[in-house]
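I opened this notebook to follow one interface from its overall extent down to single residues. The entries below keep the order in which I looked things up.

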Number of protein chains: 2
Amino acid sequence: MKSIIEILKENDIAPSMQRIKILEYLQSYKTHPTADMIYQALADEMPTLSKTTVYNTLKTFTEKGVLMALSLFGNEVRYEYNTEPHIHFKCTKCDKIYDLDKSFDHYNDDLIDGHKITEHHVNLRGICKICLRKVGD
Amino acid sequence: MKSIIEILKENDIAPSMQRIKILEYLQSYKTHPTADMIYQALADEMPTLSKTTVYNTLKTFTEKGVLMALSLFGNEVRYEYNTEPHIHFKCTKCDKIYDLDKSFDHYNDDLIDGHKITEHHVNLRGICKICLRKVGD
DNA sequence: TACTTCTTTGTAACGATTACAACTTTGGAA
DNA sequence: TTCCAAAGTTGTAATCGTTACAAAGAAGTA
């Protein structure tokens, strides 16, 4: 298991304290947080942390391929540590986001109608199993 | 071919002039516009049109299932007239959005891991064929 | 040590969207 | 036909997510 610092160095990113903490957070809490959620979570521990730093860091990480930026039904960007491809499901009742393992056809690095495909996102919406139970009450 | 007014009435939406024009626009120009793009396009013809009306109308249409709201790699919502399911491809160079007919597995009205699926979006990114040609220059 | 570069920070600005209250239109009921 | 309530529209202000920018700080190196 690679350390956070190793991951950063491998991607040509200097391992500053802020960057380590932000990546650490995304590695530990796989909640697809927004920039603001990350900022709020780390603000206690790092009182001088700036929201701009969070945005800058997320931009850097995304450009270097460490993170994936997600657009999941709304006008806010969510981030996740870049791992195996998977599907996202967002509940319309509680807004919770679930990762689904369900495999899907790969269009990555493929040509469709002459377009070169480099990213492939499958986003589902509906009512999650917890909210389904509540509806039944 | 149903008229705009018929479509609105079928969905329990009173056919006001503003609503007719907005739906007409989305039916004619399948460019996945943002609320602002629709407002800009109609502002000449309807000088008193308010941007709030555009937002209200798009919200109503989406709730009634007349339109589909799309989150395609960015923090703005795009709208399209709700037709046959298809895939969206957005070019990273020119930001143009393409509809692709390519069929895909349907999870709609299905259960996955106990979650009830009601919407299913496939979003691709990459370089479109026009930009690919330019890169070659 | 001095210099350059990278990183972080805070503030202000921006764009998309929503809240809200006033005004207008519409469709009955009296 | 007139009056009223409900629905629809409008403009302004506020909010939220994000970016621009310039100054301050930290790190590496000649």
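How many residues does the contact take from chain A and from chain B? I found 33 residues from chain A and 33 residues from chain B, with contact meaning heavy atoms within 4.5 Å.

Before going on I noted the conventions: this is a predicted model, in which local features need pLDDT of at least 70 and side-chain atom pairs count only at pLDDT 80 or more, while totals for chains, interfaces and linings use all residues. Residues are numbered from 1 along each chain as its sequence is written, chains are lettered from A and ligands numbered from 1 in the order in which they are written, and side-chain values use heavy atoms, with hydrogens and water left out.

**Entry: the interface.** I looked up the area buried between chain A and chain B, which is about 2,900 Å², with 62% of it given by carbon and sulfur atoms; buried area here is the accessible area (1.4 Å probe) that two parts lose on being put together, summed over both. I then looked for salt bridges (a side-chain nitrogen of Lys or Arg within 4 Å of a carboxyl oxygen of Asp or Glu), and the rule finds one across this interface. The side chains of Glu119(B) and Arg125(A) meet in a salt bridge at 4.0 Å, N to O.

I also looked up polar contacts, which are pairs of N or O atoms within 3.5 Å where, within protein, one must be able to donate a hydrogen and the other to accept it, and residues adjacent in sequence count only if both atoms are side-chain atoms. Across the interface the rule finds 14 residue pairs in polar contact, both residues at pLDDT 80 or more. Strand 6 of chain A gives the most to the side of chain A that touches chain B, with 13 residues; strands (E, at least two residues) are DSSP runs, numbered from the N terminus.

**Entry: strand 6 against strand 6.** I checked how strand 6 of chain A meets strand 6 of chain B, and they pair in the antiparallel sense over 11 bridges, where pairing requires that DSSP finds at least two bridges. Gly126(A) stands opposite Ile117(B).

**Entry: His121(B).** I placed His121(B) in strand 6 of chain B, residues 115-127, and at 9% relative accessibility it counts as buried (under 20% relative accessible area, with exposed over 50% and partly exposed in between, 1.4 Å probe, protein chains only). Its side chain makes a polar contact with the side chain of Glu119(B) at 2.6 Å. Leaving aside neighbours within four places in sequence, the contacts of His121(B) include Phe73(A), His121(A) and Met68(B).

**Entry: strand 3 of chain A.** Why is strand 3 of chain A largely enclosed by the rest of the structure? Five of its five residues are buried. Ile87(A), Phe89(A) and Cys91(A) point one way, whereas His88(A) and Lys90(A) point the other way. Strand 3 of chain A pairs with strand 4 of chain A in the antiparallel sense over four bridges, and the two form a hairpin with five residues between them, where Asp95(A) in the turn has a positive phi of about 65°. Four bridges also join strand 3 to strand 6 of chain A, and these run parallel.

**Entry: Phe89(A).** I ended on Phe89(A), which at 0% relative accessibility counts as buried and stands opposite Leu124(A) in strand 6 of chain A. Phe89(A) and Leu124(A) are 35 residues apart in sequence and 4.5 Å apart in space, C-alpha to C-alpha. Leaving aside neighbours within four places in sequence, Phe89(A) is also in contact with residues of chain B, including His115(B), Lys116(B) and Ile117(B).
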